[in-house]
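Trainee: I've got a new model open and would like to talk it through. Can you take my questions one at a time?

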Amino acid sequence: MKKQTATVSAGKRIAVGAVGTALVMSTWPTAAVQALAEDNNQDNNSDESSESQDTQDTQNNNSTKKTEVVYSKHDAAGATDGIFVVNTFDTDEATDVSDPGTYESVENLSTNQQLNNTDDRTDLTTLAKEPTYYQGDLNENTTLPWRVSIAYTLDGQQIDPDELAGKDGELDIDLKIDGLDDDSKEADFAKSFMLQAQGTFANANFSLEEANDATITQAGNNTILTYILLPGQNGDWHIRGNAKSFIYSGWQIAAMPINLDLNVDDYDTSDITDAANELEDGANQLSDGGNALRDALDQISNGASSAFTGSSTLASGANTLAAGTSAAASGTARLSSGANQLSSGLNQINDGTGTAADGSATLASGTDQLKVGTDAAKTGAANAAAGGIGVAQGSSDLQNGLGQLKSGTGRLSKGAQDLKEQLKAQNGDLDALTRGSQQVADGAAQVNRMASGLKDQVAAVNNQITAAKNSLTGIQGRLNDVKTSSDQLKTGAITAQNQANTVKTDLKTIQREVSSVSQLPDALAAIGNASAGAAQDAGTAAGAATQAAQEAGTAAASDTSVSDSLNSLLNADNLTEDQKAQVKATQGSLKNSTNAATSAKDHAAAAAISATSSAQRATTSAQTAQQVSQSLQSAQKLMQTAQQLNADADALQNTLDSLNGDNGIGSVLQKSQDALTAANDLTQSSSEYVDRLKNQLPTENKLASIAQLANGASRLNNGIKDLADQLTKGADALIENSAKLDDGAGSALDGSVKLAQGANTLSAGLNTLSSGATQLDNGATQLQSGSHSLSDGLNTLHAATATAAGGANELRAGVDTLYSGATQLNDGADQLAAGTGELNSGLGQLADGSAQADDGSHTLADGLNELRDRVSGLDQKVLDQVQDTIDDKLGRNYQLHSFVAPSNTNVREVEFVYVVDGIEEPEDNKNSNSSDQNDDQNQDFLDRLAALFSKNQDD
């Protein structure tokens with residue numbers, strides 16, 4: 001048995017480093033480990049070939065080129081979960097290397113040398129004659145050349161992979177791998193590397209139904225799906241099947257350059273080269289034949305072109321003649337039609353202008369009558385305006401008088417109330433007087449018993465009589481005040497009544513004047529309608545005359561165009577003498593027609609101007625009548641205002657009459673006069689009686705007169721009672737009547753205010769009416785003048801249209817003769833043009849055909865010559881193109897560089913390994929297994945792993 005030196009091959013060291021890191025990050029799929037182990041076994045089974053290759057590399061160069069393997073871990077959805085790189089150096093001698101690249105951390109996988117990544121470089125010393133490995137961890141956000149995404153849809157609903165474990169149903173797995181396609185250095189790998197993706201599914205957990213584009217293999221109880229992407233391609237694959245307690249081990253994706261050296265020069269391509277040589281000979285023969293055909297067709301084309309040129313000249317002359325005669329015939333046809341329309345139109349215009357002239361005469365007569373009416377309206381409106389001023393002034397005076405009357409009734413009412421209050425205040429004195437007189441009467445009966453007391457009672461009565469006299473004097477003064485106020489009220493009421501009568505009279509005068517003015521709108525409406533109708537008729541006549549002028553102008557222009565065409569015919573060399581004579585005769589008729597058309601145009605234009613002017617005058621007349629009619633509408637409104645004011649004046653008159661009636665101011669005045677008279681009489685008699693009573697008072701020596709005293713005291717008592725009753729009743733009646741009088745005066749004042757406002761409005765309206773009547777009269781004058789001018793203009797228009805119609809009739813006769821000759825000339829020219837046209841068409845087809853054939857022969861010759869040039873050396877061109885296509889598809893034009901440091905090209909090889917997590921068994925199922933079984937399985941795995949990477953000590 002031969003003892004072996006314990007060494008570690010390159011494949012084992014890579015596997016150890018990868019598996020060690022994977023155990024830290026997560027458990028790597030056994031398929032990846034098995035692939036690395038198989039690669040290691042192949043290395044062991046071919047030691048001689050490996051040593052031979054290593055020796056060859058050593059002889060070529062003690063190179064520090066490295067092999068770079070990029071490992072990335074992804075979750076079940078494809079999101080990156082970690083990236084690290086295993087760098088391998090294989091040198092003959094121990095060499096210091098400064099490897100560019102930025103890592104988050106680095107670890108030596110071959111020696112105990114401590115490594116650091118400083119300034120984006122990792123410095124290390126390689127082993128002599130054996131590989132040296134170190135691992136560098138990248139940031140998980142580092143951009144990778146391919147993006148991986150996996151989506152899961154269970155029973156038609158997208159589901160998160162974390163929720164998929166152990167589920168049942170129809171499952172669709174969408175695997176997408178998209179390579180970068182930009183100008184970045186990372187995209188170089190996607191454009192140049194081939195990629196393989198492999199997924200393993202346990203048959204017990206997933207029954208595959210569809211996996212398009214996949215290579216499907218069975219390994220034991222597993223189904224393995226494999227997808228291949230060539231450089232520059234993207235993948236989007238759907239795996240569909242039935243899931244049952246679903247789990248699967250995920251995907252293993254590897255990318256590396258395609259190391260296929262395919263060279264077409266190494267293969268037999270004689271079939272391609274022989275066929276290409278035959279093609280080249282045939283192309284040469286075709287080129288020679290095409291050149292000969294081109295020369296022959298050149299001669300044919302030249303001859304046909306010369307013949308066609310001659311026939312074209314002939315046909316051109318014939319066509320010119322036919323075109324000229326056709327234009328002449330067409331022009332004369334249009335001229336004939338236009339002349340007929342012109343004649344018909346002018347006749348209609350003439351009829352219309354006659355009707356318009358008659359209407360304008362009627363309009364002129366009506367405006368004369370209108371002028372007489374507007375003169376009267378102007379005078380009446382002026383009178384009404386003057387009356388309006390008087391009404392306004394009278395209403396103002398009436399309002400002022402009623403204001404004073406209202407103030408007086410107020411004072412009267414207050415005086416009556418004061419009188420009643422005075423009576424109430426003096427009522428105690430009267431009662432005392434009554435009691436005293438009663439006492440005097442009673443005392444007289446007891447004169448014998450009470451002689452000494454009688455004197456005192458008489459003295460008391462005397463004092464009470466004096467006080468009553470004074471009260472009666474005050475009452476008499478109040479009654480005098482009431483009488484004075486009543487006299488003033490009566491005077492004011494009479495004045496107000498007179499003023500109201502004056503206002504009412506003025507209003508009736510204004511109403512009568514305004515009524516005469518308001519009758520004018522009907523007449524104005526009739527005149528306005530007549531003016532509008534005349535304006536419409538004149539406008540229609542103007543439009544028709546303008547159209548007639550345009551048609552006549554068109555006819556004259558057509559004559560000129562036809563004349564130019566005929567002159568061109570006369571100058572042509574291809575007309576016979578007979579044809580020229582016909583053309584000249586036609587020109588003579590055309591000249592007469594042109595003169596007639598020009599004359600008709602001038603007359604029609606003049607008629608249009610006259611009709612337009614007449615239409616404008618009639619329109620102005622209609623507008624003036626409308627404006628005046630609108631102004632008179634205000635007169636109608638003033639009429640209504642005057643009627644309302646008249647009604648208000650009647651109501652005010654009735655109010656004033658009631659104030660001056662039996663229950664008004666006169667009644668109050670009479671009652672106050674009666675009360676005053678009665679008070680005066682009672683006061684006078686009371687005063688006299690008191691004086692007599694004083695004189696009759698008993699003295700000690702005149703007791704015999706007591707009987708007389710008793711009688712007088714009784715009469716005094718009765719008189720006082722009557723006086724008190726009369727004064728109280730009179731005061732109440734005075735208060736009641738004065739209140740009614742005050743209400744009536746207030747109503748009269750309100751009516752006078754309303755009357756004054758209406759009178760002012762009426763006065764202003766009458767002033768406006770007077771101004772409008774003046775404008776009406778001025779407008780009527782203008783309307784009268786315009787209507788007469790309209791009548792004169794329409795008569796002139798009628799005469800002009802008659803003249804134009806006569807000229808149009810002459811034009812129509814001349815044009816008919818011209819059209820007959822032009823038609824005969826055109827028939828002959830058409831026959832000549834038809835014959836020369838057929839000849840020219842035939843020669844033209846011959847020339848075109850020969851020219852096309854000649855062009856085709858040139859194109860054919862050029863194409864055959866180009867074909868000859870292109871097939872020359874075609875065999876090598878085909879082989880070169882095939883080789884370029886192969887190289888492009890295999891990515892052989894790729895400039896290899898490091899993934900970690902793209903500027904570093906000192907690399908031997910770069911590979912990528914993506915490990916995508918699968919769907920693991922749910923935690924409940926995991927926990928159901930015994931820990932001993934897990935230990936056994938883990939031990940079995942570690943034992944197998946150790947066996948894979950341990951070298952047998954024996955051969």
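**Burial, confidence and a strand**

Trainee: What share of the 955 residues in the chain is buried?

Mentor: Keep in mind that this is a predicted model, where local features need pLDDT of at least 70, side-chain atom pairs count only at pLDDT 80 or more, and totals for chains, interfaces and linings use all residues. Residues are numbered from 1 along each chain as its sequence is written, and side-chain values use heavy atoms, leaving out hydrogens and water. Buried means under 20% relative accessible area with a 1.4 Å probe, protein chains only. Of the 955 residues, the buried share is 42%.

Trainee: What does the pLDDT average over the chain?

Mentor: pLDDT is the predictor's confidence in each residue, from 0 to 100. Residues 1-61 stay under 50, and residues 930-955 are below 50 too. Still, 73% of the residues score at least 70. The chain average is 77.

Trainee: How many residues of strand 10 are buried?

Mentor: Strands here are DSSP runs of E, at least two residues, numbered from the N terminus. Strand 10 covers residues 169-179 and is mostly covered. Out of its 11 residues, the buried ones number 8.

Trainee: Which residue stands opposite Glu170 in strand 15?

Mentor: Two strands pair if DSSP finds at least two bridges between them. Strand 10 runs antiparallel to strand 8 (residues 146-154), with 9 bridges, and Tyr152 has Ile173 as its bridge partner there. Another 9 bridges join strand 10 to strand 15 (residues 235-243), again antiparallel. In strand 15, the residue opposite Glu170 is Asn242.

Conventions:
Contact means heavy atoms within 4.5 Å. Buried means under 20% relative accessible area, exposed over 50%, partly exposed in between (1.4 Å probe, protein chains only). Helices (H or I, at least four residues) and strands (E, at least two) are DSSP runs, numbered from the N terminus.
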